[in-house]
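Open the model in your viewer and keep the selection tool handy.

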Protein chains: 4
Amino acid sequence: MIKAKVIGAGGYGGVGITELLMKHPEAGIACLVDKTDVGRRMSDLYPHLDGFCDMEIVDPEDARAQEAADVVFFATPDGVAMQAAGAELDKGAKVIDYSGDFRFNNLEDYAEYARRLGRDPEHKSPDLLTESVYGLPELNRERITPDTRLVGNVGCFAISCLLGLAPAVREKLVDIDSIICDSKTGVSGAGKKPGPAFHYPSRYDNMNAYRLTGHQHVMEIEKNLTILSGDEVRVTFTAQVVPACRGILSCLYGSLRDGIGIEAVLDAYRSFHADHPFVRMYDRNSGVGTHHVRGSNYCNLIVDVDERTNRLRIISHIDNLVKGQAGNALQNMNLLFGFSETTGLDHFGQHP
Amino acid sequence: MIKAKVIGAGGYGGVGITELLMKHPEAGIACLVDKTDVGRRMSDLYPHLDGFCDMEIVDPEDARAQEAADVVFFATPDGVAMQAAGAELDKGAKVIDYSGDFRFNNLEDYAEYARRLGRDPEHKSPDLLTESVYGLPELNRERITPDTRLVGNVGCFAISCLLGLAPAVREKLVDIDSIICDSKTGVSGAGKKPGPAFHYPSRYDNMNAYRLTGHQHVMEIEKNLTILSGDEVRVTFTAQVVPACRGILSCLYGSLRDGIGIEAVLDAYRSFHADHPFVRMYDRNSGVGTHHVRGSNYCNLIVDVDERTNRLRIISHIDNLVKGQAGNALQNMNLLFGFSETTGLDHFGQHP
Amino acid sequence: MIKAKVIGAGGYGGVGITELLMKHPEAGIACLVDKTDVGRRMSDLYPHLDGFCDMEIVDPEDARAQEAADVVFFATPDGVAMQAAGAELDKGAKVIDYSGDFRFNNLEDYAEYARRLGRDPEHKSPDLLTESVYGLPELNRERITPDTRLVGNVGCFAISCLLGLAPAVREKLVDIDSIICDSKTGVSGAGKKPGPAFHYPSRYDNMNAYRLTGHQHVMEIEKNLTILSGDEVRVTFTAQVVPACRGILSCLYGSLRDGIGIEAVLDAYRSFHADHPFVRMYDRNSGVGTHHVRGSNYCNLIVDVDERTNRLRIISHIDNLVKGQAGNALQNMNLLFGFSETTGLDHFGQHP
Amino acid sequence: MIKAKVIGAGGYGGVGITELLMKHPEAGIACLVDKTDVGRRMSDLYPHLDGFCDMEIVDPEDARAQEAADVVFFATPDGVAMQAAGAELDKGAKVIDYSGDFRFNNLEDYAEYARRLGRDPEHKSPDLLTESVYGLPELNRERITPDTRLVGNVGCFAISCLLGLAPAVREKLVDIDSIICDSKTGVSGAGKKPGPAFHYPSRYDNMNAYRLTGHQHVMEIEKNLTILSGDEVRVTFTAQVVPACRGILSCLYGSLRDGIGIEAVLDAYRSFHADHPFVRMYDRNSGVGTHHVRGSNYCNLIVDVDERTNRLRIISHIDNLVKGQAGNALQNMNLLFGFSETTGLDHFGQHP
């Protein structure tokens, strides 16, 4: 049994990993840390856990928060883990960070990322940055191993796009400058903090695009597609929010290169995802929707070609809080500790 | 490992018990039976089960549907089990029926139930009726044992009301003619079959009362309260539906008898539910809602007294598809086979 | 054309009266006042009004906010109007206040109201309090006239309960100590300000009761029923919130007095509401729901008796933001200025 | 006052035009016709109209249904109007058809449309087809005049895409083979008839793409863009449905031609839509969503360029039942009768 510490336990990312860790046969929760709700029980914040997780939320400065763990999840926004991960690593822990702090393992890329968001381009732990690994098992599994210490967990929109585009880009099925990602998310992607755009009366029966000036997940989509392609990839990405709680539906488009048809596409996708236990593929008539991945770590891909326009069209479905966040983090943890990749994750959701 | 057969597998009650059986350590699914969708895989109907439950739906007349099982769940409407349960019992199975067919173990009560609904008052299997046990473990646990063969699983509204009212009625805290049950359900309570009242555009942002002439669950509420009281109990019951999928919220009222205050109430409730693992109690300031029981077998009760009017007020929360249906059925199964009552059910839901 | 000033224009109560005033043939908006969003256009806050209401929000201290108007709506919380209404009245305006400040026209009742809510029991404008009129036209129409200056608009829960209970209480159909109001509201009743309980991910698929210690609308229900009855009335009231935006569904119960049956009930209700243009009555089989009053000023009542328990059961449906707030305020304005009661209000909603 | 007949009155398209006609100062409803619910009052089907529209639904064969009207709305599926419009025209009526029957005014285009949908390519009224006019006022206003008899009202997805793409295509801002329409609709777009995909429990918290093999609105998008362009246009179109009732959000993409930047784009859009009273334009930071057009006839366009990829990105927002259906039909009626284009339509929705 390994011991896990969750920093930022009170948010949706924190409760998500807490739920998963409690069901994991090889891991247990050592400490739940947050700066708000200190002293309250986790089940006070999340009464569905009453009797299951009544641990107290501990302040980061509390001695209990500083005891060593085997794995530390930073379910925290940008800027936290780059300051605090070092201390955890020094105590012998492996670290999995949810934020953008460790999604780019070189200074130039991080600086570009920070600049796009209007932030300080200087990383606070440059040595750790270069050690870190991008935590997308389906792309990077061989680098997420018991020898790895530090993983930057993938952004929710990014994983939905990358799992859908990676085969096409690696196999050069599409023109590299033709890629469009049209992504819709449920409201939980915005986290637990209330705000006018997430207020029920403003949110029901409402769809809107947002951050059209540039979403924070674009850079990691482009960087990883560029690695797969060998050529620089730029994408048009449109984030939208719809009146749902969980789920991301990404429609991914690219112009097929001459001579590429549906069979070549299917071959590439089947081959790429052949040994990815959490990727399932469907055809255009399957009727798949986001509720079919709700509550699970699966990514369902509809692999399709619009023959009339010779365009690749992939419809990617994930639960933004599972494969898009805590579930993928646990999958990374499994790889970091040499557990089977699916341990504690091989479950379906609940319907309806 | 016991083998289970699910009849009516394609509906919400069927998929609910299928999901639970797949996680149960002592049970497995032998056969999924239904009259519609015959020949399709369960995962075609419910794609979230893709790779988990790809069994074919079998027609009731199919030889495979008639093989013996250890336990048979009739996730079917009134009238099915009373015709077909006998054959299953004869093959040595225990039977758990979801419908009203076996919720009244004498002919008079059944006739009264049927008459209220405008149906044939004659039961098709009178011998089985008198053998059957009302499947509410918290009321009837000592009668649901390995010696029992036939259980009538509780109605969803009924269980939400009975768990909330039983202590008050047994301990004579309230005037027996003062009881009102005001119950709101999510739409899944109506089942999987589409209809005008459950069509999304007519259902969102809409609340309404229905079946004001008499809901089919009233009779079992009254009968079981009468047993607890010793005196005949009649209740006013108002079924309502709100734009949610899962959940029943029942507000239960009764005039406190002279001299009864909150302390006596709390004593009675704590005592009654002391060894009921799926009942949790809260006070009026707890902020409990139906999402705290969503996806789980728990019933959360707010136990309260309105001092200004000297009235008992219980707020009862369940997931109508779990404690209100498949979860309670599995709890009954556990008792029928001598398993721990919580086996395969001791899990929390997912939030948000 | 009369000129209206709206104080608290930026909230749901403010935008509601703004929408209605813009369609009113005899009234126009002179000034929109609020303490937040000062300097922004109303259509910046509410883009559906773009091109229709581009007036600037003005600070209360701004000279424009202090110009005289014919009618002033205080769409503000408790405590505002009792301080500021006097100045508006002095300038010759009539005042309609949405809060509890002027719902009780004597000091004792106000003090009791304030005490129940844990507030200062001393009213800041006692003279105005005694002058004020309770703004429920269906109860008080003869007192809301061109001679009236100051109206306390009804609470949303209160109006749903009072319209449903007034005939029964006035005609002594029910035992006065047997009344229960079980009321469910959509989320917009909580106003525009985001909060954890109204955050979409916590609110969808969730029902809960709240303020079980005492809702602020109970006192005005009781006071007005007491006036109708002649005897002191106390009610048990349970506020609940469900995942809808608009709508209140109140189930209202009372034990019928000996000899009272459905015909006497129907007579009393038809008689009481005979000349109330915004009250429509239905029977138990009508299938009425809150979406049938959505966006309109109607109150739909299902008038019913549970014969088995000899209990009156009224199901009352309103749009909490129209008949429960701005629409009723406009109805009061019509009476205050001698317009036809239905002017600017005789419209239906939109379906679906 | 002109007299209108509505055929297919009982569906969402029928009630939509009924609501609008009742508020129109120059028109009245002469007859409501449908094949289902014959003999029921419109307000029985739609109780929000109780007291407003209590007209009886009349069978098409009924003599009342065959009396002459000034305008006839066919709120019916493909295949109805092409059989029945002639008789109405012969009686002197103008006809506005909601279906695809008259959206293509030549036989070849209609045959191609029908073939795509797997239907009989032969039109039943070829003479009327060539007389008909495509009812998109913003494209075709000069052809929708008092001299016009027959209008094919636009498809809901089509209008959202065409209003957003027309300026770019006419002004050749984008490469003609680069256009992608990613469109999300609320559930009401599927009409009033219940079905498994629109059943509340399957629809809430679910997003999915559908009809990936080809949506029936693609052909009219392509045909009208081709007319604007002069060159043949083919688009990739992806229909999606999200858990909302009303609204279409279309993200429209095209590669900007060399030298075209945001200023040229804005000029083209401002110029094209300068005298279109129902089109409003916004920039990328405006925070516009579908609830800002909800219940109104407006189309809100965010006009944007993704500079990093040199791609046009238009976000188009409509209410699918108003500008996408009944509202646009009324706008056509206004033009057909020489009324001001905005008569009966110059209203905003309601918020929240």
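Predicted model: local features only at pLDDT ≥ 70, side-chain atom pairs only at ≥ 80, totals over all residues.

**Stop 1: two helices in chain D.** To find the pair, select residues 156-170 for helix 7 of chain D and residues 218-229 for helix 9 of chain D. Their axes come within 10 Å and cross at roughly 20 degrees. Angles under 35 degrees count as roughly parallel, so helix 7 of chain D and helix 9 of chain D are roughly parallel to each other.

Now show the side chains where they meet. Helix 7 of chain D brings residues including D:Cys161, D:Leu162 and D:Leu165, while helix 9 of chain D answers with residues including D:Ile221, D:Leu225 and D:Leu228. Which classes do the residues of this contact fall into? They divide into 9 nonpolar, 2 polar and 2 charged.

**Stop 2: the domains of chain A.** Next, color chain A by its domain assignment. Domain 1 takes 2-153 + 323-336, and domain 2 takes 157-320. Taken over C-alpha atoms, the centres of domain 1 of chain A and domain 2 of chain A are 25 Å apart.

Look at where they touch: 20 residues of domain 1 of chain A are in contact with 24 residues of domain 2 of chain A. Which helix of chain A gives the most to the domain 1 side? Select helix 11 of chain A, which supplies 6 residues there. Helix 4 (107-116), helix 6 (137-140) and helix 11 (322-336) of chain A each supply at least two residues to that side. By class, the domain 1 side of this contact in chain A has 7 nonpolar, 7 polar and 6 charged residues.

**Stop 3**

**Stop 4: chains B and C.** Finally, show chain B together with chain C. A rotation of 180 degrees, with 0.0 Å of shift along its axis, superposes chain B on chain C with an RMSD of 0.0 Å. The two copies are therefore related as by a two-fold rotation axis. Where does chain B have its C-alpha nearest the axis? Select B:Pro243, whose C-alpha is 3.0 Å from the axis. The same surface serves both copies, as 100% of the contact residues of chain B recur in chain C.

How values were computed: Residues numbered from 1 in each chain as written. Chains lettered and ligands numbered in written order. Domains from an automatic or database assignment. Contact = placed C-beta atoms within 7 Å. Helix = DSSP H or I, 4+ residues; strand = E, 2+ residues; numbered from the N terminus. Nonpolar A, V, L, I, M, F, W, Y, C, P; charged D, E, K, R; others polar. Axes fitted to C-alpha atoms, helices over the stretch in contact; angles between N-to-C directions. Parallel < 35°, antiparallel > 145°, perpendicular 65-115°, else oblique. Least-squares fit on C-alpha atoms with pLDDT ≥ 70 in both.
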